[in-house]
Amino acid sequence: MSEAGPSEVTIARIQQQLILLLHAQGCLAATEDAASKCTVPHCKTFCAVLAHIEGCGDETGACSVEHCTSSRQIIAHWKSCESDDCALCIPPQAS
Ligand SMILES: [Zn+2]
Ligand SMILES: [Zn+2]
Ligand SMILES: [Zn+2]
């Protein structure tokens with residue numbers, strides 16, 4: 001059984017990373033005091049990744065910094081994705 005495209009495990013991992021990246025963006029934008037109280041696991045990791053990406057000009061995908069290339073791919077997809085039922089993007093919170 002081999003299917004084309006990302007497996008469900010991969011999709012779940014990408015979703016998780018996207019959630020963390022979006023959260024980290026919020027923490028980076030928050031005050032230092034608020035961010036220092038954040039208890040979300042891996043938040044600090046992804047804050048550091050986002051800070052790194054800001055200055056990382058490597059567009060070739062050859063950057064060896066952990067999460068750099070994958071995070072940029074995920075963010076680029078998330079920003080350009082217009083599908084309402086995309087499996088990778090977080091569905092909008094039902095209000
Ligand atoms: Zn946080
Ligand atoms: Zn990088
Ligand atoms: Zn998408």
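His67 lies in the loop between α3 and α4, where helices are DSSP runs of H or I with at least four residues, strands are runs of E with at least two, and both are numbered from the N terminus. The phi of His67 is near 75°, a positive value in a residue other than glycine. His67 is buried because 20 other C-beta atoms lie within 10 Å; the classes are buried at 20 or more other C-beta atoms within 10 Å, exposed at 12 or fewer, and partly exposed in between, with C-beta atoms placed from the backbone.

The model is predicted, so local features need pLDDT of at least 70 and side-chain atom pairs count only at pLDDT 80 or more, while totals for chains, interfaces and linings use all residues. Residues are numbered from 1 along each chain as its sequence is written, and chains are lettered from A and ligands numbered from 1 in the order in which they are written.

The chain has four helices and zero strands. Mean pLDDT, the predictor's confidence in each residue from 0 to 100, is 86 for the chain, and 89% of the residues reach 70 or more. Of the 95 residues in the chain, 14% are buried.

With 14 other C-beta atoms within 10 Å, His42 is partly exposed.

Cys27 belongs to helix α1 (residues 8-29). Cys27 counts as buried because it has 20 C-beta neighbours inside 10 Å. Leaving aside neighbours within four places in sequence, Cys27 is in contact (C-beta atoms, placed from the backbone, within 7 Å) with Ala35, Cys38, Cys43 and Cys47. Cys47 is 20 residues from Cys27 along the chain, and their C-alpha atoms are separated by 7.5 Å.

Helix α1 also packs against helix α4 (residues 68-80), at an angle of about 85° and with the axes 10 Å apart. Axes are lines fitted to C-alpha atoms, for helices over the stretch in contact, and angles run from 0 to 180 degrees between N-to-C directions. The two helices are therefore roughly perpendicular, the term for 65 to 115 degrees; angles under 35 count as roughly parallel, over 145 as roughly antiparallel, and the rest as oblique. Ile14, Gln17, Leu18 and Leu21 of α1 make the contact with Ser70, Ser71, Ile74, Ile75 and Trp78 of α4.

Technical notes. Contact = placed C-beta atoms within 7 Å.
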